[in-house]
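Open the model in your viewer and keep the selection tool at hand.

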Amino acid sequence: MTAAPSMPDELNPATHPPERLTLIHRWRAVAVLCTVSLIVLGLLWELQLAPLQGGTGALAFKVLPLSLAIAGLLKHKLYTYRWMSLLVWLYFTEGIVRGTTDQGLSQQLAWLELALSVLLFVTCAVYVRLRLKVLPPKDQRPKQDPEA
């Protein structure tokens with residue numbers, strides 16, 4: 001009984017062709033950009049642009065999980081991308097609820113949050129899929145016929 005090969009949590013350039021590495025880096029950049037955009041949007045929304053009436057701004061703490069993920073996203077931590085693809089649905093849900101119930105600027109910010117959360121989910125999903133495509137070991141690659 002052989003043990004399943006373990007997937008490294010950090011990006012190993014030796015396991016991916018250069019074209020895929022380029023794609024992986026691009027998708028990571030988009031994921032980081034979406035995450036930072038959601039953090040900035042959440043802070044501005046709750047503290048300055050359209051805070052809840054009579055609120056204390058405590059809803060700004062909603063961006064804390066996103067800020068904790070930045071380091072993992074930058075370090076190519078596959079685990080971070082996986083849990084971000086689940087966490088982002090909380091922001092999607094808030095965007096739907098506040099987009100359909102709020103009015104004015106708050107409603108527009110909610111639709112922006114919704115769009116950013118969908119984009120972040122897609123980028124995380126594509127990133128994970130690209131990372132899980134690993135080159136087969138050399139002994140398992142198809143052998144070419146020397147006579148052909």
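Contact here means heavy atoms within 4.5 Å. One thing before you start: this is a predicted model.

**Stop one: Glu10**

Select Glu10, in the segment before α1 (18-49). Which residues is Glu10 in contact with, leaving aside its neighbours within four places in sequence? Lys75, His76, Lys77 and Arg131 are the ones to display. Now pick the C-alpha atoms of Glu10 and His76. They are separated by 5.3 Å, although the two residues lie 66 residues apart along the chain. Glu10 is partly exposed, with a relative accessible area of 43%.

**Stop two: α3 and α4**

Select helix α3, residues 78-101, and then helix α4, residues 105-132. The two pack at an angle of about 160°, and their axes are 8 Å apart. Over 145 degrees counts as roughly antiparallel, so α3 is roughly antiparallel to α4. The crossing of α3 and α4 is left-handed. Colour the residues of this contact by type: 18 are nonpolar, seven are polar and five are charged.

**Stop three: Cys34 and Cys124**

Select Cys34 and Cys124. Are they buried or exposed? Cys34 counts as buried, at 3% relative accessibility. Cys124 is buried too, at 0%. Now look at the sulfur atoms. The closest cysteine sulfur to that of Cys34 is in Cys124, 8.4 Å away. A disulfide needs the sulfurs within 2.5 Å, so this pair is too far apart for a bond. The count of disulfides comes to zero.

Definitions and conventions:
Residues are numbered from 1 along each chain as its sequence is written. This is a predicted model: local features need pLDDT of at least 70, side-chain atom pairs count only at pLDDT 80 or more; totals for chains, interfaces and linings use all residues. Side-chain values use heavy atoms; hydrogens and water are left out. Axes are lines fitted to C-alpha atoms, for helices over the stretch in contact, and angles run from 0 to 180 degrees between N-to-C directions. Helices (H or I, at least four residues) and strands (E, at least two) are DSSP runs, numbered from the N terminus. Angles under 35 degrees count as roughly parallel, over 145 as roughly antiparallel, 65 to 115 as roughly perpendicular and the rest as oblique. A crossing is left-handed if the near helix is turned anticlockwise from the far one by less than a right angle, and right-handed if clockwise. Ala, Val, Leu, Ile, Met, Phe, Trp, Tyr, Cys and Pro count as nonpolar, Asp, Glu, Lys and Arg as charged, and the others, Gly among them, as polar. Buried means under 20% relative accessible area, exposed over 50%, partly exposed in between (1.4 Å probe, protein chains only).
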